[in-house]
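Reader: Can you walk me through this one? I have some quick questions.

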Amino acid sequence: MRRIILISGLVIVAAVAGLVAGLILASGAGNKSAGAAGTRSTPEPPSVSAGNAMAVKTSPKRKILYYWDPMVGPSSISPKPGISSMGMALIPVYAPQTRTATAGEVRVDPAMVQNMGIQTAPVTLGTLVHPVRVVGYLRTPAPGRYSITIRASGWIGKLFATTNGTTVKKGARLFTLYSPAILAAEEELIAAQKALAAARKIADRSAVHDTRELVRSVELRLYYLAVGWPQIKKIARTLKPLEYVTFYSPADGVLTDIKVHQKSQITAGTTVMRVDTLSTLWLDAYVYENQLPWIHTGQHVAARIAAFPGHTFGGKIIFIDAFENPQNHTTAVRIELPNARNELRPGMYALADIHTTPFKHAILIPRRAVINSGTGEVTFVEISHGHFDPVPVRTGLSGGTGMRHVLQVLSGVGPGQKVVTSGQFMIDVESQLNEIKSRFMPKVPTTAAAPPPNNAMPATPDSQKNSHGGSTKPAAMPKGMKMPATKPSALSQQNVRVDEEPLRWWVRPLRGRHPKMLM
């Protein structure tokens, strides 16, 4: 079975090589026939292909840079005509007419521009806008949390707030407390009030002043024990102590974290429960590193909640965390959202669009026009129709929405230039091939680089131009003589492994199916 597969592969390779050789011979025969049927003037040489879809138009007077076989690759480059390692005649490559070509420069036949889907777009100077979309969860704001903490040990008398999540109004009763320390302070307040009344009866100003200061001191003592002013005034007016002191809600909100029950004993410093106000909520969102340059405090935000489709909640950024999460490389951003109707609830998931500040007078380029080479960024600039040149660029911020994503260009290109936005990957392949060829290209002497005399085509081993302008015929070989074999160039001998590179496009599929076939 392996032998059959091996023979089939060799037959396919031989068929492809024969087809290519036949096409080259047929093209040469067509050019010879066209020369015989025309006038006596030398015809313009055909365009030379530097790839499958890349063609460079040449004229008879243009300088020959080198000869090579595109199927073999850069290792076949030679300063003079010859035969490649695949047995095919080397093709001349001519220098451009207008200016000196740089390494990586690409010329595309105008007829192939549309077939390859090459599209260009201008580099513009405008305003860079980039709305940032973030996600996060709603939570209770820290300033809206009120802890009910006992400042004197005692026992719960009556617990009115028994369920977490219960909505309470400001001044609503939460619980009553019996505390010996509070009761003793009440008795002192009653005694001070009686002493003040006695001093007023005898009209002793000094005694009135002293007893008044004593009353004020005891009232402050009760206040610091968390007894409200209305209850303190009631004790001073009625001269009767309150066995159970009532504690009230400090604000409108909901009850959370209730830790006591009916008749529970508590000690000083214990937090009995907490009241959270929900009139304003915090949306804690997370932004990535590349979004941070767009975020600033005070920016307006439009948040959307799944529970209210079609409705947005406006807010603004009030805080940006100074630290970054090293696990997911995000930074917390806090957004304040008003909740006057108590529609929003802590824990809800929200999507938020941050209205960022635009950057004005920025050089903009489509994001599709930039190719990341791994070590830098490159874009192809259209010099003329069908003529492209790779230019390294340095980009900044990215912006735009939908299909109109753009990049800020810091250096490399300027407004008015055109860059390739579609088909640039095919041009990039040819550009890299041209750059490799420029590295492998030998130093051609001036005499060898000059065009042939009388505007004639350079002679190849299989054809020779008739000096009388008639039909071209192969030179007759004496009987018994053989064509001497052309030695491969020293460059191809030194780069044997490079010869395999252009053929890997068809070797890889076969090797993947039959691993032992092409070993």
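Reader: What kind of model is it?

Author: It is a predicted model.

Reader: How many helices and strands does the chain have?

Author: Nine helices and 27 strands.

Reader: And what share of the residues is buried?

Author: Buried residues make up 35% of the 519 in the chain.

Reader: What about contacts across the sequence? How much comes from residues 24 or more positions apart?

Author: Take the contacts in the chain with a separation of 6 or more. Residues 24 or more positions apart account for 71% of them.

Reader: On to the helices. How do the axes of α3 and α4 cross?

Author: Helix α3 covers residues 180-202 and helix α4 covers residues 205-224. Their axes come within 9 Å and cross at roughly 160°. An angle over 145 degrees counts as roughly antiparallel, so α3 and α4 are roughly antiparallel to each other.

Reader: Is that crossing left-handed or right-handed?

Author: The crossing of α3 and α4 is left-handed.

Reader: Which residues make the contact?

Author: On α3, they include Ile 182, Ala 185, Leu 189, Ala 192, Leu 196 and Arg 200. On α4, they include Val 208, Thr 211, Leu 214, Val 215, Val 218, Glu 219 and Leu 222.

Reader: How do the residues of that contact divide by type?

Author: For α3 with α4, 13 are nonpolar, two are polar and six are charged.

Reader: What sits in the loop between α3 and α4?

Author: Ala 203 is found there. Ala 203 has a positive phi of about 60°, although it is not a glycine.

Reader: Is Ala 203 buried or exposed?

Author: Exposed. The relative accessible area of Ala 203 is 62%, and the cut-off for exposed is over 50%.

Reader: Next pair. How do the axes of α3 and α5 cross?

Author: Helix α5 runs over residues 229-238. The axes of α3 and α5 come within 9 Å and cross at roughly 50°. The two helices are therefore oblique to each other. The crossing of α3 and α5 is right-handed.

Reader: And which residues make the contact there?

Author: Glu 186, Leu 189, Ile 190 and Gln 193 of α3, with Ile 232, Ile 235 and Ala 236 of α5. They divide into five nonpolar, one polar and one charged.

Reader: Switching to charges. How many salt bridges does the structure hold?

Author: Ten.

Reader: Which salt bridge partner does Lys 233 meet?

Author: Glu 219. Their side chains meet at 4.0 Å, N to O. Lys 233 is in helix α5 and Glu 219 in helix α4, 14 residues apart.

Reader: What about Arg 334? Which residue is its salt bridge partner?

Author: Arg 334 meets Asp 284 in a salt bridge, 3.2 Å from N to O. Arg 334 lies in strand β20 (residues 330-338) and Asp 284 in strand β17 (residues 280-288), so the pair ties together parts that are 50 residues apart in sequence. Asp 284 counts as buried, at 14% relative accessibility.

Reader: And Arg 274?

Author: Arg 274 forms a salt bridge with Asp 257, with the closest N and O atoms 3.8 Å apart. Arg 274 is in strand β16 (residues 271-276), and Asp 257 is in the loop between β14 and β15, 17 residues apart. Asp 257 is partly exposed, with a relative accessible area of 33%.

Reader: Last one. Where does Gln 265 lie, and what does it touch?

Author: Gln 265 lies in strand β15. Not counting residues up to four places away in sequence, Gln 265 touches Gly 154 and Trp 155. Gln 265 and Ser 153 are 112 residues apart in sequence and 7.9 Å apart in space, C-alpha to C-alpha. Gln 265 is exposed, with a relative accessible area of 58%.

Notes. Residues are numbered from 1 along each chain as its sequence is written. This is a predicted model: local features need pLDDT of at least 70, side-chain atom pairs count only at pLDDT 80 or more; totals for chains, interfaces and linings use all residues. Side-chain values use heavy atoms; hydrogens and water are left out. Axes are lines fitted to C-alpha atoms, for helices over the stretch in contact, and angles run from 0 to 180 degrees between N-to-C directions. Helices (H or I, at least four residues) and strands (E, at least two) are DSSP runs, numbered from the N terminus. Angles under 35 degrees count as roughly parallel, over 145 as roughly antiparallel, 65 to 115 as roughly perpendicular and the rest as oblique. A crossing is left-handed if the near helix is turned anticlockwise from the far one by less than a right angle, and right-handed if clockwise. Contact means heavy atoms within 4.5 Å. Ala, Val, Leu, Ile, Met, Phe, Trp, Tyr, Cys and Pro count as nonpolar, Asp, Glu, Lys and Arg as charged, and the others, Gly among them, as polar. Buried means under 20% relative accessible area, exposed over 50%, partly exposed in between (1.4 Å probe, protein chains only).
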